[in-house]
Amino acid sequence: MKFVLPALLYDFGALEPYIDAQTMEIHHDKHHQAYINNLIAALEKCPEFQPTSTESLLIDLEDVPEDIRTEVRNNAGGHFNHSLFWKIMKKNGGGEPNGLVADAIKKSFGTFAAFQDIFNTRAKKVFGSGWAWLSVDKDGKLTVTGLPNQDSPLSYDETPIMGLDVWEHAYYLKYQNKRPDYISAWWHVINWDQIEENYRAIIK
Ligand code: MN3
């Protein structure tokens, strides 16, 4: 099993002015790489334990040797979460979703605006470092959650299709203490086509 940093599909500056190039570069090249390095280092301590995928580590955390379980939770989570995060953003993104995910959002939350409001509130309320998530639960229903640290919805029986990183490293250079401004700006870079693809892959 190899754990490799996925290349960004756009330039570091592609999400300007909403997310600045320097933040993207440090976030992708340094922070994400560090999660991968730490995951590899943790797994090297238990060579008899051979995971089949990053996802399987997070879905079956209880199968991970106890000595390295917390490191795996944090760093496999960091690797998986950021891999999803880069893909659900793009240059000239934003707007409203179309397709099946748009229908599901309306069914679950009433309107797109109501969904945005719930998601924003979750993102603002994450205490300290964590993420806000839109996921699909075991019954195929959409859920919005806030999770601490690098916890993945996968470890909570849910499959994420969209997530917002609200660790300070994701926004502090440009937004400092103003997390709500970062959250508002982020809606302008969302790649709804990818989120639709993520959703279809789960409900198929
Ligand atoms: Mn991050």
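Q: Are H27 and H169 buried or exposed?
A: This is a predicted model. A residue counts as buried when its relative accessible area is under 20%. Both H27 and H169 are buried.

Q: Which protein donors does the manganese ion have?
A: Donors are N, O and S atoms within 2.8 Å of the metal. Here they are H27 (NE2), H82 (NE2), D165 (OD) and H169 (NE2). They lie 1.9 to 2.1 Å from the manganese ion.

Q: How are the donor residues spaced in sequence?
A: Read the pattern as H-x54-H-x82-D-x3-H. H27 lies in helix α1 (residues 21–44), and H169 lies in the loop between β3 and α6 (172–175), so the pair ties together parts that are 142 residues apart in sequence.

Q: How many residues does the largest nonpolar core have?
A: A nonpolar core joins buried residues such as Leu, Met and Phe through side-chain atoms within 4.5 Å. The largest one here has 45 residues. Those with the most contacts inside it include M89, F115, F119 and W186.

Q: Which elements give two or more residues to this core?
A: Among them are the helices α3 (66–87), α5 (112–125) and α8 (192–203). The strands β1 (130–136), β2 (142–148) and β3 (159–165) are also on that list. The largest share, five residues, comes from β1. Domain 1 (21–87) and domain 2 (99–203) each supply at least three residues.

Q: What does F119 touch, not counting residues up to four places away in sequence?
A: Its partners include A132, L134, V144, M162 and W186.

Notes. Residues numbered from 1 in each chain as written. Predicted model: local features only at pLDDT ≥ 70, side-chain atom pairs only at ≥ 80, totals over all residues. Heavy atoms only, no water. Buried < 20%, exposed > 50% of the residue type's maximum accessible area, 1.4 Å probe, protein only. Helix = DSSP H or I, 4+ residues; strand = E, 2+ residues; numbered from the N terminus. Domains from an automatic or database assignment. Contact = heavy atoms within 4.5 Å. Donors = N, O, S within 2.8 Å, 3.2 Å for Na, K, Ca; no water.
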